[in-house]
Amino acid sequence: MSFDNNLNVLVIGSGNLGMRHVQALGSVNHELTILVVEPNISAIKRTKSILNELDNNSADISFYRKLEEVKTKSFFLVIIATTSIERKDVCKKILESFSVKFILLEKILFANESDYYEISELISKCEVDVFVNCSMRTMPSYLQIKNYFD
């Protein structure tokens, strides 16, 4: 998979966390094409409002209500900021339908233990690098657990 100077980024979900990802991407000093998939129209409006406040938004940003509407098939980065309940199905659709170099998963990954094994196998097969952003790692209770094992 080759990428040129203009990188394609797909963001699934523009709720609280997804909106912040889009905001950060919109302020990056690099040519980006950002595609945002969000079924909730009020979340789309809120994200667009945040983007309008950016001073240096040079990204090409488009919004879709359904993943099936996205025609671009190759992405440098996919950020999946959905609920854990729907994340497995979204991951499967992404990995089966698109060419992806990196995936960033948000929050607690999946709702069921079996989902971890299923998606792990698919990730290995597709040879995608996946990262997890778990903001809870900074909470005091998580830090106590970490300190216990250090």
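The model is predicted: local features need pLDDT of at least 70, side-chain atom pairs count only at pLDDT 80 or more, and totals for chains, interfaces and linings use all residues. Residues are numbered from 1 along each chain as its sequence is written, and side-chain values use heavy atoms, with hydrogens and water left out. Helices (H or I, at least four residues) and strands (E, at least two) are DSSP runs, numbered from the N terminus.

Buried means under 20% relative accessible area, exposed over 50%, and partly exposed in between (1.4 Å probe, protein chains only). In H2 the buried residues are Ala43, Ile44, Thr47, Ile50 and Leu51. They lie on the same side of H2, because they cover an arc of only 125° around the axis, the arc being that of the directions from the helix axis to the C-beta atoms. Lys45 and Asn52, on the other side of H2, are exposed. H2 (residues 41–52) has 12 residues and should span 16 Å at 1.5 Å a residue, which agrees with the 17 Å between its end C-alpha atoms. The expected span is 1.5 Å times one less than the number of residues.

## Nonpolar cores

A nonpolar core is a set of buried Ala, Val, Leu, Ile, Met, Phe, Trp, Tyr and Cys residues joined through side-chain atoms within 4.5 Å. The largest has 23 residues, of which Leu10, Ile12, Val78, Ile80, Ile94 and Ile103 touch the most other members. Helix H3 (84–97) is one of the elements that give two or more residues to this core, and the largest share, four residues, comes from H3. Leaving out residues up to four places away in sequence, Ile94 touches Leu10, Ile12, Leu67, Val78, Ile80, Val100 and Ile103. Another core, of 17 residues, lies apart from it and includes Val22, Leu51, Ile61 and Leu104.

Leu35 is in strand S2 (residues 32–37) and is buried, at 2% relative accessible area. Beyond four places in sequence, its contacts (heavy atoms within 4.5 Å) include Val9, Val11, Tyr64 and Phe75.

## Cysteines

With a disulfide defined as a pair of cysteine sulfur atoms within 2.5 Å, the count is zero.

| Cysteine | Relative accessible area | Nearest cysteine sulfur |
|---|---|---|
| Cys91 | 3%, buried | Cys126, 11 Å |
| Cys126 | 29%, partly exposed | Cys91, 11 Å |
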